[in-house]
Each structure stands twice: as C-alpha cells, then as structure tokens.
Amino acid sequence: MTYKPDLDIARLYASFASPIAEVDCGRLCAPHNPSGKPFCCDICVAVPVALKEEWAYLKPNTQLWHRLRGDECPTDPIDVPKMKAETPGYMHLMACRGPEYCERDFRTLSCRQFPFSPYITADDRFIGLTYNWDFEQVCWVISNLHQVTSAYRREFIDIYDRLLYEYPKEYDSYYFLSEDMREAFKKRHRRIPILHRDGWDYLLSPATDRLTRVPAAQFRKFGPYRRS
Ligand code: SF4
Ligand code: SF4
C-alpha cells in the first residue's frame, strides 16, 4: 500500500504564518519590477505550486486560486506541459488572482517559503535555510537576510522537519537542489549563505560544507539593494 501523508493543512498554515521580516518586503521590491508587482507574486516571474492536499483544502475555502492554465501572464504564455513535466506528481502548478486580491491565510506553502529552501548537506543533514539564487538580483529579502525574523526561521525549520519526513521525494528534490547550489557557487567562487537551525548565520564552503559563522548583516547584497 502506498503511504499517504496525513496533513492538516489549516493547522500547517497556522503554524507557518509569522512575517518573514518586520517590514512589508513586497513594498520594497515591487518598485523594481516593471509590472509594479512584488516579484514572487508576479506570475510572469514565478509560478507557485501547491501540494495536492493544499489544493483540496484551498478549493472549497477561497476564490483566490486556480490551477495554472498558461494564459495568466499577458506578455508571455506559460508552457504548462513543459512545467508539468518538471513538477513532482504530488504537486499542482497554481495561479492566484494577483497581489491585490491576496488573502494572507490562504497563501500556499510555496508563497510562505519564498525565497527560501531547506539546505541539505552532501552528507544528508537539513541544517537550515538558504535561498533561491535565481532571485538574487530582484528579491529584497535575499539582500537583507539579517532582517528575517527568528519566529519565521523557527517555523520554517519546524515545517520542513515535518514535510521532508512525510514526503521523501521532497527531501530528494531539496537534496539535489542543494547539490546544484554547491556546483553553482563553486563556479562563482562564493560561499553559500545559511540561516542555520541553531539560530546563528553562516557562510558555507560549497566544496566541503564547512561553516564559518558570519552575521547575516555582513552578507552580500545585490542589484538595487546594494546601497540599502
Ligand atoms: S520575498 Fe522577495 S520577491 Fe517576494 S515580496 Fe518579499 S522581497 Fe519581494
Ligand atoms: S497568494 Fe498572495 S503571496 Fe501567494 S503569489 Fe498570490 S499574491 Fe503572492
């Protein structure tokens, strides 16, 4: 018999609801996006996903979401079959009605976790949060990791301790993503920023997973946030 995770999505959402920072980061990044939307809420930039269990919960409770059709980005049709092929079978590709209609309580886990992902070392340890490096030039949070609240960090770790256990395929996908990140950062001769589960901040050597404690306020800043 196939194992099915028993997730209470309403409880899961309630336990991952702390703000990522004290400021509304969407207001700080949106002016740098030609569409005027926060980058992670602009379907032309990032397509959200939801666990099938999340969609089963969201569908009867809110009008905010629909399954991705492909015509949601007015300037650039989305190649849904291609994206579907790259998305695990236990997830749906989604689209929301847009930031002006956002309902905070009904944000998917993918909204809540952005721009972060669990970092898993080469020897299989989930040690903390790192970020999606494709968004370094646009996401204000990535340039201001010292402003990420400790409540958000704790909740992220707790949620992913649970999800990575319940969904072994999710664990594998973050393991391989961490591996890709090590390769990308090796090529760039850079260390990987980590918001560690122990509460401290580190730069991690991608060749060895060796950690050096460095306050996140000293981490590199990018794009328009270099001077902030
Ligand atoms: S998480 Fe990043 S991209 Fe999303 S609203 Fe905040 S600053 Fe903008
Ligand atoms: S639900 Fe809200 S946070 Fe999520 S993509 Fe839509 S506007 Fe952004």
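Two strands are said to pair if DSSP finds at least two bridges between them. Strands (E, at least two residues) and helices (H or I, at least four) are DSSP runs, numbered from the N terminus. The structure is a predicted model, in which local features need pLDDT of at least 70 and side-chain atom pairs count only at pLDDT 80 or more, while totals for chains, interfaces and linings use all residues. Residues are numbered from 1 along each chain as its sequence is written, and chains are lettered from A and ligands numbered from 1 in the order in which they are written.

S4 and S5 form a hairpin with 5 residues between them. The two strands pair in the antiparallel sense over 5 bridges, and Ile120 has Phe126 in S5 as its bridge partner. Asp124 is found in the loop between S4 and S5. The phi angle of Asp124 is near 70 degrees, a positive value in a residue other than glycine. Burial is judged by counting other C-beta atoms, placed from the backbone, within 10 Å of a residue's own: 20 or more make the residue buried, 12 or fewer exposed, and counts in between partly exposed. Asp124 counts as exposed because it has 8 C-beta neighbours inside 10 Å. S5, in contrast, is mostly covered, with 5 of its 6 residues buried.

S5 and S6 run antiparallel and are joined by 2 bridges; Gly128 stands opposite His196 in S6.

Two helices lie across this sheet. The loop between H7 and S6 holds His189, whose phi is near 55 degrees, a positive value in a residue other than glycine. With 7 C-beta neighbours inside 10 Å, His189 counts as exposed.

A nonpolar core is a set of buried Ala, Val, Leu, Ile, Met, Phe, Trp, Tyr and Cys residues joined through C-beta atoms within 7 Å. The largest such core has 34 residues, and those with the most contacts inside it are Phe39, Cys139, Val141 and Ile194. At least two residues of this core come from each of helix H2 (25-29), strand S4 (116-120), strand S5 (126-131), helix H6 (150-166), helix H7 (168-187), strand S6 (192-196) and strand S7 (201-204). H6 gives the largest share, 4 residues. Another core, of 10 residues, lies apart from it and includes Ala50, Leu58, Leu68 and Met94. In soluble globular proteins, nonpolar side chains tend to be buried together.

Cys139 touches Cys29, Phe39 and Pro115, residues up to four places away in sequence not being counted; contact requires C-beta atoms, placed from the backbone, within 7 Å. Pro115 is found in the loop between helix H5 (109-113) and S4. The peptide bond from Phe114 to Pro115 is cis, with omega near 5 degrees.

A further open sheet has 3 strands in the order S1-S3-S2, with antiparallel pairing. Its edge strands, strand S1 (49-51) and strand S2 (65-67), each pair on one side only. The twist averages 50 degrees from one strand to the next. S2 and strand S3 (residues 91-96) run antiparallel and are joined by 3 bridges, and Arg67 stands opposite Met94 in S3.

Two ligands are present in the model. A residue is near a ligand if its C-beta atom, placed from the backbone, lies within 6 Å of it. Ligand 1 is surrounded by residues including Cys25, Cys29, Phe39, Phe114, Pro115, Cys139 and Val141. For class, Ala, Val, Leu, Ile, Met, Phe, Trp, Tyr, Cys and Pro count as nonpolar, Asp, Glu, Lys and Arg as charged, and the others, Gly among them, as polar. The shell around ligand 1 has 10 nonpolar, 1 polar and no charged residues. Around ligand 2 are Cys41, Pro48, Leu64, Cys96, Pro99, Cys102, Arg107 and Cys111, which divide into 7 nonpolar, no polar and 1 charged.

How values were computed:
Two residues are in contact if their C-beta atoms, placed from the backbone, lie within 7 Å. Axes are lines fitted to C-alpha atoms, for helices over the stretch in contact, and angles run from 0 to 180 degrees between N-to-C directions.
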